[in-house]
Amino acid sequence: MAQETAPPGLSADVAARLDRMPVTRRHRSLVLTIGMGLFFDMYEIFMSGVLGPVLSQRFDLGATATSAVLASAFIGMFLGVVIMGRLADRYGRRRFLIASVALYTVFSAVGALSANAPMLIAARFLAGLGIGPQLPLADAYLSDLLPARVRGRYTALAYTISFFGVPTVGLLAHWLVRMSPLGMAGWRWLFLIGALGGAAALLRCRGLVESPRWLASVGRTAEAERIVAELEAGTPYASAKPVRTTDTPSISVKEKAVADAVASRPMSPVYRRRAAMMGVFHLLQSVGFYGFGTMAPLVLDAKGFSIVHSLLFSALTYFGYPLGSLISLTLIERFERKHLIVASALAMAVFGVAFGQAADEFAIVITGVGYTAVSNIFSNAYHVYQAEIFPTELRATATSWTYAMSRVSTAAMPFALVPVLHAFGAARLFAAVAAVMTVIALEIGVLGPAVNGRSVGEGRANGLKAAR
């Protein structure tokens with residue numbers, strides 16, 4: 001049965017109502033849920049880097065096989081991003097956020113049981129299908145849901161929660177790699193802990209609401225207004241009259257036609273240019289952001305540190321990720337997002353060169369923490385930014401498809417950077433990374449639009465071509 005339409009007088013602009021309301025307990029709960037899901041997403045992503053040297057020894061892998069293990073998850077991420085991003089714009093954000101958590105939970109558990117390298121590569125690839133869409137879907141979801149004036153701060157808060165997953169996996173790897181609790185190798189416990197955490201996040205994700213902006217954009221106005229009314233409850237903007245809905249709403253034929261028409265609209269030239277800009281950005285940014293997390297243990301191993309010591313140094317430098325994310329909370333609404341991206345990209349270039357040249361333990365930790373801290377100011381700024389520059393109807397598609405380029409470059413990175421490290425050393429490797437971050441700063445500085453405080457609902461009329 002089709003859902004009822006909203007009563008007269010209650011079909012107010014959903015986007016305006018979302019932007020004017022204060023941040024409520026429900027908002028904070030949803031941000032916490034997204035942050036928890038992203039915590040184990042980050043845990044899974046950075047687990048590949050910290051386990052690279054360990055797995056190469058355990059399975060007696062050569063350089064090519066080690067690169068394949070590292071790259072397999074990122075290839076899966078690329079496909080997951082491309083597929084689920086488009087589906088989220090057509091069928092809604094909530095179900096695909098939940099599906100992505102479920103995928104990486106199941107196949108992280110399979111990874112813990114891997115008997116050989118091919119099985120582990122397959123498990124990491126399938127886990128990647130779920131890991132990949134998490135970040136761009138979270139960006140689109142939080143951008144849809146949060147009031148414009150605090151969107152950056154609360155999105156950064158979700159990522160701050162998530163980035164504690166990075167030092168967590170680093171410290172667990174340092175601790176567990178020398179142990180075999182209950183007779184199971186420590187590296188297997190890393191996968192199992194990720195699966196258990198993912199299961200806990202999955203239970204909490206059941207409480208997510210669908211994006212009201214997305215519902216309104218596809219004609220499901222009554223559902224959108226019901227959710228907005230739930231968010232407004234207890235605030236000065238609470239509706240005096242409840243929105244009537246059926247207990248089990250479904251999509252009417254008319255609403256499905258609207259959703260299909262919206263999903264089929266082509267981008268206007270302005271959004272095509274923005275998509276191209278972000279595609280190039282993501283192709284390059286992963287070299288600086290994920291490149292450090294993936295390569296740092298290998299770099300330290302190449303500098304002559306043992307696996308145990310390199311994992312310890314990696315874990316210590318990984319504390320820069322949540323530190324930088326916490327710092328970003330004070331900056332992200334105060335400064336224009338594009339300027340933060342430019343400044344932090346250049347700071348990453350400086351710290352990267354210093355890390356590549358560092359020789360003693362103190363210098364390695366200090367420059368590593370500095371690099372990871374500024375990289376998370378960079379990361380939080382661009383995650384908010386990329387969702388804000390596209391309208392609701394294509395936000396998940398555009399952020400996912402452009403973000404997919406980072407998965408392409410990250411999958412290729414072990415094959416490109418590992419040989420560079422072995423042939424030329426850490427100093428030249430990070431000099432190349434610094435050059436890439438400088439190019440990123442120039443691109444966003446010259447081509448990127450300003451966004452702070454603007455409604456993400458703007459642009460439907462002039463941003464998309466009319467459906468024929």
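Me: What counts as a helix here?
Reply: A helix is a DSSP run of H or I, at least four residues long, numbered from the N terminus. This model is predicted. Ala381 sits in helix H16. Ser375 has its place in helix H16, residues 361-388.

Me: Is Ala381 buried or exposed?
Reply: Buried means under 20% relative accessible area. Ala381 has 0%, so Ala381 is buried.

Me: Which residues does Ala381 contact, beyond its neighbours within four places in sequence?
Reply: Ala381 is in contact with Ile332, Arg337, Leu340 and Ile341. Take Arg337. Ala381 and Arg337 are 44 residues apart in sequence. In space, their C-alpha atoms are 5.6 Å apart.

Me: Now Ser375. Is it buried or exposed?
Reply: Apply the cut-off again. Ser375 is at 1% relative accessibility, so Ser375 counts as buried.

Me: What does the side chain of Ser375 reach?
Reply: The backbone oxygen of Thr372, at 2.7 Å. Ser375 also touches Phe289, Tyr321 and Met348, with residues up to four places away in sequence left out.

Me: How should I read a nonpolar core?
Reply: Start with the general idea. In soluble globular proteins, nonpolar side chains tend to be buried together. Then look at the case here. The largest nonpolar core has 124 residues. Helix H2, residues 25-58, gives the most to this core, with 13 residues.

Me: Which residues have the most contacts inside the largest core?
Reply: Ile34, Phe46, Tyr141, Leu190 and Phe378. Not counting residues up to four places away in sequence, Ile34 touches Leu97, Ala138, Tyr141, Leu142, Ala158 and Leu208.

Conventions
Residues are numbered from 1 along each chain as its sequence is written. This is a predicted model: local features need pLDDT of at least 70, side-chain atom pairs count only at pLDDT 80 or more; totals for chains, interfaces and linings use all residues. Side-chain values use heavy atoms; hydrogens and water are left out. Helices (H or I, at least four residues) and strands (E, at least two) are DSSP runs, numbered from the N terminus. Buried means under 20% relative accessible area, exposed over 50%, partly exposed in between (1.4 Å probe, protein chains only). A polar contact is a pair of N or O atoms within 3.5 Å; within protein, one must be able to donate a hydrogen and the other to accept it, and residues adjacent in sequence count only if both atoms are side-chain atoms. Contact means heavy atoms within 4.5 Å. A nonpolar core is a set of buried Ala, Val, Leu, Ile, Met, Phe, Trp, Tyr and Cys residues joined through side-chain atoms within 4.5 Å.
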